[in-house]
Amino acid sequence: MSGPHPGRTPSGAGAGAGTDADDRALDDALALANEPRRAAAGGGGNAVRPDRNDPLAVALGLGREDADARPPHTEPRTRPQAGQAPDADPAPDPDANRDPAAEPYRADTTTTPPGPSAPAQPTRQPVQPPLPHTHSPVGTVPWAEARRIARRVGRRLGTEVHDLGEDALGMTLAGPLTALTDLPSFDSSAMDGWAVAGPGPWRLRGHAVLAGQQRPAEPLHGGHAIAIATGAAVPTGTTAVLRSEHGWTQRRTDGEWLQVRSPHPAPTPGQEVRARGQECRGGDELLPAGTLVTPAVLGLAAAAGYDELTVTVRPRVDVLVLGDELLDHGLPRSGRVRDALGPMLPSSLRALGAEVTSVRRLVDDEEALRRAVSDSTADVIVTTGGTAGGPVDHLHPVLARIGAKLLVDGVAVRPGHPMVLAELPSGTHLIGLPGNPLAAVSGVLTLAAPLLRTLAGRPAPAPYAAPLTADVTGHPVDTRLVPVVFDDDSAARPLRFSGPAMLRGLAEADGMAVIPPGGARAGDDTAVLDTGALALAWGSGT
């Protein structure tokens, strides 16, 4: 491998946050699928109309003329503002045009649904400076909004050069892959058989032309043929190649002759010949910048004459697993549980394009956490646990002490509500995941995946949707992520084990269904996040 280029700095023009149209389309479509939609086409200034060209909106059928006239049970229920009836039109949002990456999101700090026994919800409140050793959240962020923030705060990292090989797998092309020559670079035979000139029968001549033969064969004249192997350069004058099973030879007094075997037709001009430039011409763009390097990409680059690739640097990630209650071996016992995230997160983060530089276990100690965060030189720090406001939840006090900027402090998603995204004074980003395993995975899908995708220059995953096989209970105001498996008809079957502390459902799952507030019924289409991307594979970089 060639040495990396100096520095891990943001790439040049066009690499800034929010420039990936596919990413924007994906998250905007997810927002459409899981945020309020007005019932009538003429529903006033607050009506949300899906973009007909949005890939996930199309998959979910949101671009149809009747998309806004769905049955009442498919409409997600939303939280009214103070003094507003549950079915009233929402008041205009004064923050609607703000830049979510430029300031913390200010929203209600409670997700208790309205009801006869519950007071009206408070309106948005200004953020107060955090007091020492207290948790003062900037406000719960809608799920799709949290994903947007995580994507937009990052900048694509610098570049490095890798020899063609496994080290480059899972990285992304820093620039377009351009053809260095025509492919194929010469006219060649696609089959074993005979190169023929003109109509048959043909008189055979010379020795067979073989693949890799350095000396070019003599030109063919009309009525002549020569045996040829697959991949060999066809002689000048060749009309076509007659495959071996379609011809037969006969020795006569005037030489050996080739004829077409009945009932096969005579070869047409160009048949079984791979013409020069058939795949591309020199200078053609084979793949755009940002393409994920897969085994097929390595093969194409090699075929095109490349010896090395310029790729975007992997984001370096430090993982800090917090908790006195965690065991690293043996059976759970005496109020202590096995650490599931320590073994699971590194591979998941590598599969998202990261280079996991360290995995450390820390006890519940504020000073130990502060030192670990302050001493890190990674691009991203991922912590587990300590994101809520309990007596040993030290993440918020540490972030306040070191002067970090809270970008996301709580997300309207279940499981995983108390997740955190912060920017440290050094420019490093910190993602605080909840300690419960499935809640932590929700945090990875919500915050880590979009941020790492931006840093690594990775493309957005292809959105897809599937009908549910059963009703799924929703949270009154939050999005739910529920493990599902696909049946033989590609419908999504919800799995039972979907509690925040459970991994049994995720281990079996094909994806995580995005359930809008209020729930969904059997037959409803739902967006599905691909959890296969979190599995250890060639894309992990290991």
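Reader: What makes β6 (residues 202-204) and β7 (residues 224-228) a pair?

Author: They are joined in the parallel sense over 2 bridges. Two strands pair if DSSP finds at least two bridges between them, so β6 and β7 qualify with their 2. Within this pairing, R203 stands opposite H224 in β7. One caution: this is a predicted model, where local features need pLDDT of at least 70, side-chain atom pairs count only at pLDDT 80 or more, and totals for chains, interfaces and linings use all residues. Numbering starts from 1 along each chain as its sequence is written, and side-chain values use heavy atoms, with hydrogens and water left out.

Reader: Why are β8 (240-243) and β9 (247-252) said to stand at the edges?

Author: The open, mixed sheet runs β8-β5-β7-β6-β10-β9. β8 and β9 each have a single partner strand, so one side of each is left without a neighbour in the sheet. The strands themselves are DSSP runs (E, at least two residues), and helices are runs of H or I with at least four, numbered from the N terminus.

Reader: What makes the contact between R401 and E366 a salt bridge?

Author: The rule asks for a side-chain nitrogen of Lys or Arg within 4 Å of a carboxyl oxygen of Asp or Glu. Here the closest N and O atoms are 3.1 Å apart, so by that rule the pair counts. R401 lies in helix α7 (residues 395-402) and E366 in helix α6 (residues 366-375), so the bridge ties together parts 35 residues apart in sequence.

Reader: Are E366 and R401 buried or partly exposed?

Author: Buried means under 20% relative accessible area, exposed over 50%, and partly exposed in between (1.4 Å probe, protein chains only). E366 comes out at 12%, so it counts as buried, whereas R401, at 46%, is partly exposed.

Reader: And what makes E367 and R370 a salt bridge?

Author: Their side chains meet at 2.6 Å, N to O. Being 3 residues apart in helix α6, they are separated by about one helical turn. Both are partly exposed, E367 at 28% and R370 at 23%. Shared partners then join E366, E367, R370, R371 and R401 into one network.

Reader: What makes a set of residues a nonpolar core, and which members touch the most others in the largest one?

Author: A core is a set of buried Ala, Val, Leu, Ile, Met, Phe, Trp, Tyr and Cys residues joined through side-chain atoms within 4.5 Å. The largest has 45 residues, with L349, L421 and I431 touching the most other members. Helix α8 (residues 437-456) supplies the largest share, 11 residues.
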